[in-house]
Amino acid sequence: MISLQHLTKTYDASASGDHALRDVSLDIPDGDVFGVIGISGAGKSTLVRCINLLERPTSGRIVVDGSDVTELEGAELRRYRRRVAMIFQDFGLLAQKTALENVCFPFKASTGRVTADNRRRALELLDQVGLADKASSWPAQLSGGQQQRVAIARALAMDPKIMLFDEPTSALDPEMITEVLDVIKDLATSGMTMLVVTHEMGFARSVADRVVFMDSGQIVESGAPAEFFSAPTTDRARDFLSKVLSH
């Protein structure tokens, strides 16, 4: 479903420039869940932002469902982002719209109006994330976990083929993390192709089909969760796990 081919991202033009990504290649099969882990600044967020084309790679190719999307612009780019939805750390809800109106927003953005069928679908999606009773609530009336679940419902309104999550629980209080991760787990069982940047090692171990460990803009190691967490093959991964799993 996703093939990243030698992606490099630098933030200045010199050969010794600051590399956010260094020659990253990765293939994600249809329906798989990939957990992306590593320290802050490892390049994880840049990776998912490049897939959604919020960042443009300096070099390399992004192929999605057989099509090279690296240079998409304009209407083609907008259509692409409806197929490849992204969930951010900070929810991104529209403050002056209710939860239901936020979930309906992709319909309005796409066609210029919201139909009765659109509203019914939005209510179904709110129910799917456990928030049918919050349809008329404003974002300010919702907890962080509830806001993130509304953001997920809004993304699902586009009927995406792929969902990208950029540390979806990092802005949440600990007691709210589980409610968001449970929604993502349900999506995983539905067969949605997903790339999830996360600091939640338990989630990566239990839900991901494959774990990708990044450091200094590179994929240092990837593998099945059971193998990665029990017997990492690189010194860098072993050092990382010894620190994060000891607390």
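Asp166 is buried, yet it has no salt bridge. Its nearest side chain of opposite charge is Arg49, 5.5 Å away. The model is a predicted one.

What does the side chain of Asp166 meet in a polar contact? The partner is the side chain of Ser45, at 2.6 Å. Asp166 itself sits in strand 7, which covers residues 162-166. Beyond its neighbours within four places in sequence, Asp166 is in contact with Ser45, Val48, Met86, Ile87, Phe88, Gln89 and Val197.

Four strands build an open sheet in the order 2-1-4-5. Their pairing is antiparallel. Strand 2 and strand 5 (67-68) stand at the edges. Each has a single partner strand, so one side of each is left without a neighbour in the sheet. In general, the strands of a sheet pair through backbone hydrogen bonds.

Strand 1 has links to two strands. Six bridges join strand 1 to strand 2 (residues 19-28). Five bridges join strand 1 to strand 4 (residues 59-64). On that side, Thr8 stands opposite Ser59. Is strand 1 enclosed or open to the outside? Seven of its nine residues are buried, so strand 1 is largely enclosed by the rest of the structure.

Most residues other than glycine have a negative phi. Two residues of this model go the other way. His6 has a phi near 55°. His6 belongs to strand 1, residues 2-10. With a relative accessibility of 48%, His6 counts as partly exposed.

Phe91 has a positive phi of about 70°, although it is not a glycine. Where does Phe91 lie? Phe91 is in the loop between strand 6 (84-87) and helix 3 (99-111). Phe91 counts as buried, at 13% relative accessibility.

## Nonpolar cores

The largest nonpolar core holds 40 residues. Those with the most contacts inside this core are Ile152, Met163, Phe165, Ile184 and Met194. Strand 6, helix 3, helix 4 (116-128), helix 5 (144-156), strand 7, helix 6 (174-189), strand 8 (193-197) and helix 7 (201-207) each supply at least two residues. Which element gives the largest share? Helix 6 does, with eight residues.

Ile152 shows what such a position looks like. Leaving aside neighbours within four places in sequence, Ile152 is in contact with Ile87, Val129, Met163, Phe165, Val180, Val183, Ile184 and Leu187. Another core, of 29 residues, lies apart from the largest one. Its members include Leu21, Ile28, Val84 and Ile162.

## Salt bridges

How many salt bridges does a search of the whole structure find? The search finds 12. One of them joins the side chains of Arg121 and Glu124, at 3.4 Å from N to O. Arg121 and Glu124 are three residues apart in helix 4, so about one helical turn separates them. Arg121 is partly exposed, with a relative accessible area of 35%. Glu124 is also partly exposed, at 46%.

Arg236 forms a salt bridge with Asp215, and the closest N and O atoms are 3.2 Å apart. Arg236 lies in helix 9 (residues 235-244) and Asp215 in strand 9 (residues 210-215), so the pair ties together parts that are 21 residues apart in sequence. Arg236 is partly exposed, at 25% relative accessible area. Asp215, by contrast, counts as buried at 14%.

Lys243 pairs with Asp239 in a salt bridge, the closest N and O atoms being 3.3 Å apart. Lys243 and Asp239 both lie in helix 9. They are four residues apart, about one turn of the helix. Lys243 is partly exposed, with a relative accessible area of 49%. Asp239 is partly exposed too, at 32%.

Notes:
Residues numbered from 1 in each chain as written. Predicted model: local features only at pLDDT ≥ 70, side-chain atom pairs only at ≥ 80, totals over all residues. Heavy atoms only, no water. Buried < 20%, exposed > 50% of the residue type's maximum accessible area, 1.4 Å probe, protein only. Lys, Arg positive; Asp, Glu negative; His and termini not counted. Salt bridge = Lys/Arg side-chain N within 4 Å of Asp/Glu carboxyl O. Polar contact = N/O pair within 3.5 Å; in protein donor to acceptor, adjacent residues only side chain to side chain. Contact = heavy atoms within 4.5 Å. Pairing = 2+ DSSP bridges. Core = buried A, V, L, I, M, F, W, Y, C linked by side-chain atoms within 4.5 Å.
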